[in-house]
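Open the model in a viewer and keep the sequence panel beside it. The stops below say what to select next and what is there.

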Amino acid sequence: TDKLSLEAMQNLSTLMQQAQPLLKQTNPDLLKDFLKNEMDKATTPIIRGLTIRADSDLNNTRQALQKGEQQASRLVKWSGLAIIVVLVITILLGYIIYRSIALSINRLMYTIREIEVGNMSARAQLTGKDELAALGFNLDRMMDERIATQARIDQEHKQLNESVFSL
């Protein structure tokens, strides 16, 4: 179509050169006939070629737009899916972290309540390497030391009482 359009443009240029003498003549009918017959024949292929080219460009543009819309739609779908997956993972991790902290705190609180009511054998027995596990370990150790200290004090009182009775 480009080659045909080029030839038609060259033909139109030739016709324009032929029309120049007719413009100088005083007979307008000759010019009208020339424009009606010759120019119409020369411009029809140009218009047809331009129309075909414009239609082709329009179709190419529509196809590119449709392809872009499809890609954008896929991108939105995959992005939404990725956001949902990240959100679910974040919620699960948050729940796991909360649960581990809440269980440790509940276990510590239970142990402290048991000690308050006189159960000196209550122990937190928390495992792990986090701060709450360290706190539970230290509470258990403190209770073991307290019991050992109390046992020593009781033993010393017993010895003191025996020595007083023996006097």
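A nonpolar core here is a set of buried Ala, Val, Leu, Ile, Met, Phe, Trp, Tyr and Cys residues joined through side-chain atoms within 4.5 Å. Buried means under 20% relative accessible area, exposed over 50%, and partly exposed in between, with a 1.4 Å probe and protein chains only. This is a predicted model, in which local features need pLDDT of at least 70 and side-chain atom pairs count only at pLDDT 80 or more, while totals for chains, interfaces and linings use all residues. Residues are numbered from 1 along each chain as its sequence is written, and side-chain values use heavy atoms, with hydrogens and water left out.

**Whole chain**

Begin with everything shown as a cartoon. The protein has three helices and zero strands, in the order α-α-α along the sequence; helices (H or I, at least four residues) and strands (E, at least two) are DSSP runs, numbered from the N terminus. The radius of gyration is 50 Å, well over the 15 Å that the globule rule gives for 167 residues, so the protein is more spread out than a compact globule. That radius is taken over C-alpha atoms, and the rule is 2.2 Å times the number of residues to the power 0.38. Along the principal axes, the C-alpha atoms fill a box of roughly 160 × 25 × 20 Å. Of the 167 residues, 16% are buried.

Now colour by pLDDT, the predictor's confidence in each residue, from 0 to 100. The average for the protein is 88, and 96% of the residues score at least 70. Confidence is lowest in helix 1 (residues 2-24), with a mean of 73, and highest in helix 3, at 92. Where pLDDT is low, the predicted coordinates should not be read in detail.

**The largest core**

Select Ala-8, Leu-12, Leu-15, Ala-19, Leu-22, Leu-31, Phe-34, Met-39, Ala-42 and Ile-46: these ten residues form the largest nonpolar core. Helix 1 and helix 2 each supply at least two residues of this core. Apart from it lies another core, of six residues, among them Leu-108, Ala-124, Leu-126 and Leu-139.

Which residues does Leu-108 contact beyond its neighbours within four places in sequence? They are Ala-124, Leu-126, Leu-132, Leu-135, Gly-136 and Leu-139, where contact means heavy atoms within 4.5 Å. Leu-108 belongs to helix 2 (residues 28-116) and counts as buried because its relative accessibility is 8%. Draw a distance from Leu-108 to Ala-133, 25 residues apart along the chain: the C-alpha atoms are separated by 9.3 Å.

Move to Thr-111, also a residue of helix 2. Thr-111 is buried, with a relative accessible area of 1%. Setting aside residues up to four places away in sequence, Thr-111 touches Ala-122, Arg-123, Ala-124 and Leu-139.

**Helix 3**

Select residues 131-166. Helix 3 has 36 residues and reaches 52 Å from its first C-alpha to its last, close to the 52 Å expected at 1.5 Å a residue; the expected span is 1.5 Å times one less than the number of residues. Its buried residues are Leu-132, Ala-133, Gly-136, Leu-139, Asp-140 and Met-143. Helix 2 is included in what covers these buried residues.

**Last stop**

Finish at Ala-54, in helix 2. Ala-54 is partly exposed, with a relative accessible area of 42%. Ala-54 and Asn-161 are 107 residues apart in sequence and 117 Å apart in space, C-alpha to C-alpha.
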